[in-house]
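Biologist: I am new to reading protein models. Could you walk me through one, feature by feature?

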Amino acid sequence: MLIHIFWDSAAPAGFQLPVARTLSSMLGVQASITDNPVRMMGYDQARKQINAKALLDSVQAYKHRHNMIGPVLLVISQDLFRDGHRFVFGLARETVGAAVVSGARLGNEFYGKPAQDDDLIDRLAKEGAHEVGHLFGLAHCTVPECIMFRPNTLDELDCKKKMFCDTCREQLDQNKNQKKS
Ligand SMILES: [Zn+2]
Ligand SMILES: [Zn+2]
């Protein structure tokens with residue numbers, strides 16, 4: 001199995017490889033990277049954000065058209081929202097194997113601090129792995145260090161380690177094997 005990472009042209013440049021490598025080692029699944037071929041949909045003029053659900057519709061349509069089975073993770077730079085939430089770091093649609101993650105709020109600059117490449121790479125990889133975890137059927141976890149913990153703030157995100165807790169890891173390995181057969 002392969003995770004297909006689609007990298008939007010406006011997403012942080014030059015971070016494709018380190019993010020893919022980190023994400024792939026967390027999940028224990030290989031990842032490929034390509035320039036994003038999916039039409040960017042769902043921009044909300046008033047909010048200046050992208051509706052994550054509309055964008056996932058677009059990924060879903062692309063996958064369907066190209067007969068793609070494997071999980072797809074789209075990485076973008078624009079800010080994401082979904083109904084009822086001011087913003088989201090990312091969103092996954094397990095039934096079709098499509099997920100999106102945004103770097104908009106993952107850089108220190110967004111919070112008025114000096115930029116740090118390593119921080120951004122870690123956060124993109126962690127949030128990417130979190131969304132792909134959903135694609136493998138994992139739910140949210142209450143362990144604050146676990147990848148499947150749902151962070152509301154950057155601090156909470158930074159508290160997460162680049163690993164799944166034992167329970168989530170076990171579930172992940174089990175679900176991965178099921179998808180293979
Ligand atoms: Zn989640
Ligand atoms: Zn967990």
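Biologist: Here is my opening question: which strands does helix α3 lie across?

Modeller: Some ground rules before that. This is a predicted model, where local features need pLDDT of at least 70, side-chain atom pairs count only at pLDDT 80 or more, and totals for chains, interfaces and linings use all residues. Residues are numbered from 1 along each chain as its sequence is written, while chains are lettered from A and ligands numbered from 1 in the order in which they are written. Helices (H or I, at least four residues) and strands (E, at least two) are DSSP runs, numbered from the N terminus. Now to your question: helix α3, residues 117-135, lies across β1, β5, β7 and β8. It runs at about 160° to β8; such angles go from 0 to 180 degrees between N-to-C directions, with axes fitted as lines to C-alpha atoms, for helices over the stretch in contact. Contact means that the C-beta atoms of two residues, placed from the backbone, lie within 7 Å.

Biologist: And how do I read a sheet? In what order do the five strands come?

Modeller: In general, strands of a sheet pair through backbone hydrogen bonds, either parallel or antiparallel. Two strands count as paired if DSSP finds at least two bridges between them. Here the order is β2-β1-β5-β8-β7, an open sheet with mixed pairing. At the edges are β2 (30-35) and β7 (90-93), each pairing on one side only. On average, neighbouring strands of this sheet are turned by 20° against each other, direction ignored. Helix α2 packs on the sheet too, touching β5, β7 and β8.

Biologist: Which sense of pairing joins β1 and β2?

Modeller: Strand β1 (residues 2-7) pairs with β2 in the parallel sense, over six bridges. Leu2, for instance, has Gln30 in β2 as its bridge partner.

Biologist: What about backbone angles? Near what value is the phi of Lys48?

Modeller: Most residues other than glycine have a negative phi. The phi of Lys48 is positive, near 55°, and Lys48 sits in the loop between β3 (43-44) and β4 (49-51). Asn67 also has a positive phi, near 55°, in the loop between α2 (52-65) and β5 (72-76).

Biologist: Is Asn67 buried or exposed?

Modeller: We count other C-beta atoms, placed from the backbone, within 10 Å of a residue's own: 20 or more is buried, 12 or fewer exposed, and in between partly exposed. Asn67 is exposed because it has 6. Lys48 has 10, so it counts as exposed.
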